[in-house]
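Please look over this structure with me.

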Amino acid sequence: MSADEDEDLPVAGTAVILRDAPQGVEVLLLRRPDRGSFAGAWVFPGGMVDPGDRVTGAPEQEDAGRAAVRETAEEVGLELERLVPLSCWVPPAGIPKRVRTWFFLAPDPGGAIRPAPDEVVETRWFGPQSALAARDAGEIALMPPTWRTLHALRGATDVEDALARVADPGVFHTRMQRTAAGILFFWDGDELAGAPVGSRERLIAEDAPWRLESL
């Protein structure tokens with residue numbers, strides 16, 4: 001898959017909604033129905049950029065942010081007031097549906113969560129480490145971008161601390177390689193992606209616990 005083909009991918013926006021909790025930040029996750037995209041997985045709210053999200057001449061990132069705000073309101077009834085661009089995820093070649101997705105951190109605006117019955121089975125606030133542990137225990141399913149985002153949020157003392165950690169949005173071109181015990185996901189900076197021998201930027205998604213190697 002060429003870089004030009006990656007540029008032609010459809011685009012989506014996702015909101016990583018954070019709130020303060022006694023043990024640090026908590027993140028809102030929702031479980032998708034057992035059908036369609038991400039069937040049964042726990043994800044952040046978000047969805048595809050619609051024509052109404054596009055502004056002529058605006059950067060793709062801004063269109064994706066408008067999609068994240070709109071989709072969050074539609075899926076869980078929250079009206080986001082602030083977005084901080086976090087990352088952009090380009091999916092592996094060869095999977096059935098490829099969408100380039102922008103992730104944004106967003107403070108919880110407050111108010112009741114009202115799940116859309118056709119799109120959301122369940123919602124729950126998780127501490128980042130608790131969500132990772134629940135995945136390793138087989139209690140929830142997470143996609144690699146969700147997993148890495150939660151992993152990076154571990155140890156944030158509060159929402160403002162999490163927001164302050166963000167520099168320029170990272171772009172993650174995901175590749176995957178099947179192993180005898182599962183799947184290896186890797187990104188630019190790993191030796192499998194052409195970096196020097198011994199370099200690691202990979203998620204080892206095999207037996208629990210999943211492990212991130214970044215060297």
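## A partly exposed valine

V69 counts as partly exposed, with a relative accessibility of 26%. Here partly exposed lies between buried, under 20% relative accessible area, and exposed, over 50% (1.4 Å probe, protein chains only). V69 sits in helix α2, residues 60–76. Helices (H or I, at least four residues) and strands (E, at least two) are DSSP runs, numbered from the N terminus.

V69 and E79 are 10 residues apart along the chain, and their C-alpha atoms are separated by 7.0 Å. Leaving aside neighbours within four places in sequence, V69 is in contact with L80 and L83. Contact means heavy atoms within 4.5 Å.

## About the model

This is a predicted model, in which local features need pLDDT of at least 70 and side-chain atom pairs count only at pLDDT 80 or more, while totals for chains, interfaces and linings use all residues. Residues are numbered from 1 along each chain as its sequence is written, and side-chain values use heavy atoms, with hydrogens and water left out.

V121 lies in the loop between β6 (100–107) and β7 (122–126). Its relative accessibility is 44%, so V121 counts as partly exposed. V121 and R31 are 90 residues apart in sequence, yet 5.5 Å apart in space, C-alpha to C-alpha. Not counting residues up to four places away in sequence, V121 touches R31, R32 and P33.

## Two packed helices

Two packed helices are described by the angle between their axes and the distance between the axes. Helix α3 (residues 128–136) packs against helix α4 (residues 144–153) at an angle of about 140 degrees, with the axes 8 Å apart. That makes α3 oblique to α4. Axes are lines fitted to C-alpha atoms, for helices over the stretch in contact, and angles run from 0 to 180 degrees between N-to-C directions. Angles under 35 degrees count as roughly parallel, over 145 as roughly antiparallel, 65 to 115 as roughly perpendicular and the rest as oblique.

Which residues make the contact? From α3 come P128, A131, L132 and R135; from α4 come W147, L150, H151 and L153. They divide into 6 nonpolar, 1 polar and 1 charged. Ala, Val, Leu, Ile, Met, Phe, Trp, Tyr, Cys and Pro count as nonpolar, Asp, Glu, Lys and Arg as charged, and the others, Gly among them, as polar.

## Inside α4

Helix α4 is largely enclosed by the rest of the structure, because 8 of its 10 residues are buried. T146 belongs to α4. T146 is buried, at 4% relative accessible area. Beyond its neighbours within four places in sequence, T146 is in contact with L29, W42 and F44.

R148 is also found in α4. R148 counts as buried, at 13% relative accessibility. Not counting residues up to four places away in sequence, R148 touches W89, F172, W187, E201 and L212.

## The cores

The largest nonpolar core has 31 residues. Those with the most contacts inside it are V16, L18, L29, L142 and L150. A nonpolar core is a set of buried Ala, Val, Leu, Ile, Met, Phe, Trp, Tyr and Cys residues joined through side-chain atoms within 4.5 Å.

## Backbone details

A cis peptide bond joins A208 and P209, with omega about -5 degrees. P209 is in the loop between β11 (201–205) and β12 (211–214). G155 follows α4 and has a positive phi, near 85 degrees.
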